[in-house]
Amino acid sequence: MANRLRGLLGRDAADIVVIDPDDKHVYQPGLLFVPFGMARPAALARPRSRQFRPGVTFRQAAVDHVDLERDEVRLADGTPVGYDILVIATGARLVPGETEGLTGPGWMEKVFTFYAREGAAALERALSRFDGGRLAVAVMDMPIKCPVAPLEFCFLADWYFRKRGIRDKVELTYVTPLDGAFTKPAASRELGGLLKDKDVRLVTEFNTGEVDGAGGRLISYDGREIAFDLAVVIPLHEGQEYVNRSPGLGDELGFVPTDQRTLQAKAKPNVFVIGDATDLPASKAGSVAHFEGAVVARNITRYLAGEPLDAVFDGHANCFVETGFGKALLIDFNYDTEPLTGRFPGRLGLPLLRQSRLNHLGKLAFGWLYWHVLLPGREIPAVHSQMPAAGKHMPAAGSRSRSGKGR
Amino acid sequence: MPTITYAGTAVTVNEEGFFDDPGQWRAEMAPLIARQEGIDELSERHWQVIKFMRHAYEEKGTGPTVRVLGKTSGVSVKELYQLFPKGPAKVAAKIAGIPKPRGCI
């Protein structure tokens, strides 16, 4: 975002300051591969301070709160940093402690998460020692970052245990609070079918109330139980703590209420929000943040020029779904259109909602694109902020998905 | 879209029985919808949640999720499941005459 803005705004038009508590930027899509020995945790992080274009100032500091009245970010040491425009891009954090028992006995011994580097690395060791038994992959509750990642974990686990020749000794179960494998109907059918093909049991509408790590049980609020020998959980997510300390900024979960189309914060016109920090009914995924970036950058230039904002963000998300055996499928959707079959970004592009080796190669190539094209604030040719309709098999009017529709 | 008659008024609902227009809802419909959902009698605690759901919908345009309900309604998630065993957010939304909570994507 900062790099994109630096390219759009002249040096005398704006000072751009990035505030972050650490100097490590993690390529989060890579975490999925760590437990299977396909990526090294150390290789996924790079110094944040080295990712900026000249003319962007990086301040390594924690934020205590945002004072919307005074247009000021107050750092943890009390220093005020004033702003004309604030972009909130502080993401979501994992709160495993919010689920009863999750961080108790068994945590990081029998119960792991691959959503953080330490957990992913510890899980790799645990998986390599795992010679058979019941493996449960459980989403505690939505929203989570990258809602397809836990499914991908199941697909890769199936492939991993087959490769080790012990698949028949492993009982794989996918546990979700949703009423299907995924939220959107067509993708839910396709991904649910894949779980079945790979012999992964699907347990739906399971709202985990307690994790008994020592006893190896997931217990739902309505009293159901799932026994496990090894559990991979996706902990509850919330916004950052400083949001809760900033009067008027966030909602109950610390996410920031944001206009779905302009990406302006509802709290104040000179605040924009991007990525997982928003409360939008869109996936908390890197692709969404990237597509939002184009809209926020344009709207900031419009705001500075005193022009009305463009209400053009459509909730566009684009995700490679790794399915194991060197294949992946690709889904592309937005607020109103569910993932459809066809090709992306046009008729000659990558196959949508269908497994292919090309998509797997796309997923692997994406790591390079991320560091060398996306972070520097460049665009991927032919891939635009708005969801493309060309190449998609659109259903007849009137039968479009309503699941993503908001207020 | 299908219609169902509650307390003598025909209301439009979706395939799953959620109200299409929360404006069509009246309090005397709630016990009738609840009975269809297997809740024979609405207690004061049920009503606290139902009123909270309607209020949240009016403010935000969507019903809260179970987790948000547990944090903000004054009724814990555990008790919410005792009150609405088949799923608090969904069932309470249906009884409160608001669309199915959007959940997350």
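This is a predicted model: local features need pLDDT of at least 70, side-chain atom pairs count only at pLDDT 80 or more; totals for chains, interfaces and linings use all residues.
**View 1. Chain B as a whole.** Read from the N terminus, the elements of chain B follow the order β-β-α-α-α-α-α; helices (H or I, at least four residues) and strands (E, at least two) are DSSP runs, numbered from the N terminus. Along the principal axes, the C-alpha atoms of chain B fill a box of roughly 35 × 30 × 20 Å. The radius of gyration of chain B is 13 Å, which agrees with the value near 13 Å for a compact globule of 105 residues; the radius is taken over C-alpha atoms, and the globule rule is 2.2 Å times the number of residues to the power 0.38. Of the 105 residues in chain B, 42% count as buried (20 or more other C-beta atoms within 10 Å of the residue's own, with C-beta atoms placed from the backbone). Take the contacts in chain B between residues at least 6 apart in sequence: 52% of them join residues at least 24 apart. Here, two residues are in contact if their C-beta atoms, placed from the backbone, lie within 7 Å.

**View 2. Two crossing helices in chain B.** Helix α2 (residues 44–60) and helix α5 (residues 88–95) of chain B have axes that come within 9 Å and cross at roughly 80 degrees. That angle makes α2(B) roughly perpendicular to α5(B) (65 to 115 degrees); the axes are lines fitted to C-alpha atoms over the stretch in contact, and angles run from 0 to 180 degrees between N-to-C directions. On the α2(B) side, look for B:Val49, B:Ile50 and B:Met53, which meet B:Ala92, B:Ala93 and B:Ile95 of α5(B). By class, this contact has six nonpolar, no polar and no charged residues (Ala, Val, Leu, Ile, Met, Phe, Trp, Tyr, Cys and Pro count as nonpolar, Asp, Glu, Lys and Arg as charged, and the others, Gly among them, as polar).

**View 3. Where chain B touches chain A.** Chain B brings 16 residues to this contact and chain A brings 18 residues. On the chain B side, α3 (66–72) and α4 (77–83) are the elements that give two or more residues. The most come from α3(B), with five residues. The chain B side has seven nonpolar, five polar and four charged residues.

**View 4. A:Val233 and its neighbours.** This residue lies in strand β17 (residues 230–234) of chain A. A:Val233 counts as buried because it has 28 C-beta neighbours inside 10 Å. Leaving aside residues up to four places away in sequence, A:Val233 touches A:Leu102, A:Val111, A:Thr113, A:Ala138, A:Met140 and A:Val211. A:Ala138 is 95 residues from A:Val233 along the chain, with 4.7 Å between their C-alpha atoms.

**View 5. Domains 1 and 3 of chain A.** Chain A is divided into domain 1 (2–21 + 61–91 + 240–304), domain 2 (96–237) and domain 3 (315–407), with bounds from an automatic or database domain assignment. The C-alpha centres of domains 1 and 3 of chain A lie 26 Å apart. Their contact takes 15 residues from domain 1 and 13 residues from domain 3.

Technical notes
Residues are numbered from 1 along each chain as its sequence is written. Chains are lettered from A and ligands numbered from 1 in the order in which they are written. A residue is buried if 20 or more other C-beta atoms lie within 10 Å of its own, exposed if 12 or fewer, and partly exposed in between; C-beta atoms are placed from the backbone. Angles under 35 degrees count as roughly parallel, over 145 as roughly antiparallel, 65 to 115 as roughly perpendicular and the rest as oblique.
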